[in-house]
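Me: I've got a model open and I'd like to learn how to read its packing. Could you walk me through it, one feature at a time?

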Amino acid sequence: MKVIGPDDPLGGRPLRRIAVAGPAGAGKSTLARTLCERLGVPYVEFESFFHGPGWTVRETWQADVLEYLENDVWAIEWQGEAVRERMTARLDVLVWLDHPRALTVARVVRRTLLRRVGRGSKIAAGNVEGPLRTFFTDREHIVRVSWRYHPIMRARVRKVVDEDRYPDLVVVRLRGQRQVDRWLRGPVSALLGGC
């Protein structure tokens, strides 16, 4: 396994199956969507597999994700405890958005506010995040979840790296939006012929 940074070439590694890891607010969906556009494949947000209306968990989510992963080319968020191992086994590249906790939480606050006033990105199945005022009363408020899961997501990626069970896997560690932008302009563009 190889861990590289934003300026390191992918070494001719194909960009066919990519997962984007990170906590809420890291930009997983945005980067996965961008990569799908550049790869010329349809983007399917992980949340659309997982959540039904009213934040219910779809009964078929695992089968639906695994079916999607059978495609030859895709980019998706590295989520779903029950499918993450099988997803990882199919990966060419795992992009680790290892942003500072303050950045990701601030993004979640901004995203939640924009969604509440109808200007933000839509959530799968028409779900709506709770208002910020419920931050103190709702343990599962997205801002609290973002704060709590930041070190957990970091530990999950580090475990994959430390266990080194996927020798062909390339992990691209990006810290901050500037590094994400540099990676897209540099190694990704070079590999995809300037896309």
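Me: Let's start with Leu-35. Which residues is it in contact with, once neighbours within four places in sequence are left aside?

Reply: Bear in mind that this is a predicted model. As a general idea, nonpolar side chains in soluble globular proteins tend to be buried together. Here, Leu-35 is in contact with Ile-18, Val-20, Ala-75, Trp-183, Leu-184 and Val-188. Leu-35 also belongs to the largest nonpolar core, which has 45 residues. It is listed there among the members that touch the most others, along with Leu-31, Trp-78, Met-87, Leu-94, Val-95 and Trp-183.

Me: How do I read a helix pair? At what angle do α1 and α7 pack?

Reply: Two packed helices are described by the angle between their axes and the distance between the axes. In this case α1 covers residues 28-39 and α7 covers residues 177-191. Their angle is about 20 degrees, and the axes are 13 Å apart. Angles under 35 degrees count as roughly parallel, so α1 and α7 are roughly parallel to each other. The crossing of α1 past α7 is right-handed.

Me: And which residues meet across α1 and α7?

Reply: From α1 you have Leu-31, Thr-34, Leu-35 and Arg-38, and they meet Val-180, Trp-183, Leu-184, Val-188 and Ser-189 of α7. Sorted by class, that contact has six nonpolar, two polar and one charged residues.

Me: Last topic, backbone angles. What is phi of Trp-55, and where does Trp-55 lie?

Reply: The thing to look for is a positive phi in a residue other than glycine, and Trp-55 has one, near 65 degrees. Trp-55 lies in the loop between α2 (46-50) and α3 (61-69). With a relative accessible area of 38%, Trp-55 is partly exposed.

Me: What about phi of Asp-164?

Reply: Asp-164 is also a residue other than glycine with a positive phi, near 50 degrees. You'll find Asp-164 in the loop between α6 (142-163) and β5 (170-174). At 40% relative accessibility, Asp-164 counts as partly exposed.

How values were computed: Residues numbered from 1 in each chain as written. Predicted model: local features only at pLDDT ≥ 70, side-chain atom pairs only at ≥ 80, totals over all residues. Heavy atoms only, no water. Core = buried A, V, L, I, M, F, W, Y, C linked by side-chain atoms within 4.5 Å. Buried < 20%, exposed > 50% of the residue type's maximum accessible area, 1.4 Å probe, protein only. Contact = heavy atoms within 4.5 Å. Axes fitted to C-alpha atoms, helices over the stretch in contact; angles between N-to-C directions. Helix = DSSP H or I, 4+ residues; strand = E, 2+ residues; numbered from the N terminus. Parallel < 35°, antiparallel > 145°, perpendicular 65-115°, else oblique. Left-handed = near helix turned anticlockwise from the far one by under 90°. Nonpolar A, V, L, I, M, F, W, Y, C, P; charged D, E, K, R; others polar.
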